[in-house]
Amino acid sequence: RRPAAAAAGSGVDWAERLGRLAGTERHRIVLELTRAHAAAVLGHADPGAMRPDSAFRDLGFDSLTAVELRNRLAAATGLRLPASLVFDHPQVSALAEHLLDRLAPDGAAEDRDPTAPVLAELARLEDTLAGVTGTAVDPAAVTARLETVLARWKAAHPPADPDGAGLGGATAEQLLRFIDDELGV
């Protein structure tokens, strides 16, 4: 019970510490915490070896090292974390985002890029697809479903400038004014 109480106390310290910081600084601190513990679990002296976009599987994590990382992060933050933590958040940055949401829920969401959760979920899907082996899965069915999802996404979110030129709908006068402005004439 004493280690749990000590861990809970350190969680309060983290929440207070993060509450005083700006969003980017909060994220940097929690990312450093995540990288340091991941490096320690794998026996690396340099947390820099844990790139934020690295997948834990690619770094060499297995179920035992994943649980060890969960235990270290739980002790450091005072949070109750599931054994599946590393598998639920398969990249270093995704895990740091999750921890930040748990440690500073009031400030984390407002400072974070709204695209981050979508990209984190896509990273999970990418990891799942990378782990599929053998003939138990019908690749044609998975591909068809992915293409359907992508087509729906594109239909719901058309590009702002479909021809990609940026000046595609400009008149000749607008083009000449743009050139003059860019050249300082």
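**Overview: the whole chain.** Read along the sequence, the protein chain runs α-α-α-α-α-α-α-α-α-α. That gives 10 helices and zero strands, where helices (H or I, at least four residues) and strands (E, at least two) are DSSP runs, numbered from the N terminus. This is a predicted model, in which local features need pLDDT of at least 70 and side-chain atom pairs count only at pLDDT 80 or more, while totals for chains, interfaces and linings use all residues. Residues are numbered from 1 along each chain as its sequence is written, and side-chain values use heavy atoms, with hydrogens and water left out. Of the 185 residues, 28% count as buried; buried means under 20% relative accessible area, exposed over 50%, and partly exposed in between (1.4 Å probe, protein chains only). Take the contacts with a separation of 6 or more, and 58% of them come from residues 24 or more positions apart; a contact means heavy atoms within 4.5 Å.

**Close-up 1: helix α2 against helix α4.** Here we're looking at α2 (residues 23–42) and α4 (residues 63–77), whose axes come within 9 Å and cross at roughly 135 degrees. That angle makes α2 oblique to α4. For the record, axes are lines fitted to C-alpha atoms, for helices over the stretch in contact, and angles run from 0 to 180 degrees between N-to-C directions. Angles under 35 degrees count as roughly parallel, over 145 as roughly antiparallel, 65 to 115 as roughly perpendicular and the rest as oblique. The crossing of α2 and α4 is right-handed; a crossing is called left-handed if the near helix is turned anticlockwise from the far one by less than a right angle, and right-handed if clockwise. On the α2 side, the contact is made by Leu 33, Thr 34, His 37, Ala 38, Ala 40, Val 41 and Leu 42. Facing them from α4 are Thr 65, Glu 68, Leu 69, Arg 72, Leu 73, Ala 76 and Thr 77. Sorted by class, this contact has eight nonpolar, four polar and two charged residues. In that scheme Ala, Val, Leu, Ile, Met, Phe, Trp, Tyr, Cys and Pro count as nonpolar, Asp, Glu, Lys and Arg as charged, and the others, Gly among them, as polar.

Close-up 2: Thr 77 sits in helix α4 and is buried, with a relative accessible area of 0%. Its side chain reaches the backbone oxygen of Leu 73 at 2.7 Å. Glu 68 is in helix α4 too, but counts as partly exposed at 34% relative accessibility. Glu 68 and Ala 38 are 30 residues apart along the chain, and their C-alpha atoms are separated by 9.1 Å.

**Close-up 3: helix α2 against helix α6.** The axes of α2 and α6 (residues 92–103) come within 9 Å and cross at roughly 120 degrees, so these two helices are oblique to each other. Their crossing is right-handed. From α2, Arg 26, His 27, Val 30, Leu 31, Thr 34 and Arg 35 meet Val 92, Ser 93, Leu 95, Ala 96, Glu 97, Leu 99, Leu 100 and Leu 103 of α6. The tally for this contact is eight nonpolar, three polar and three charged residues.

**Close-up 4: Leu 85 and its neighbours.** Leu 85 belongs to helix α5 (residues 85–88) and is buried, at a relative accessible area of 0%. Leaving out residues up to four places away in sequence, Leu 85 touches Arg 70, Leu 73, Leu 95 and His 98. Leu 85 and Arg 70 are 15 residues apart in sequence and 6.5 Å apart in space, C-alpha to C-alpha.

**Close-up 5: Gly 48 in the loop.** Gly 48 lies in the loop between α2 and α3 (56–59). Gly 48 is partly exposed, with a relative accessible area of 37%. From Gly 48 to Ala 36 is 12 residues in sequence and 8.2 Å in space, C-alpha to C-alpha.

Methods: Polar contact = N/O pair within 3.5 Å; in protein donor to acceptor, adjacent residues only side chain to side chain.
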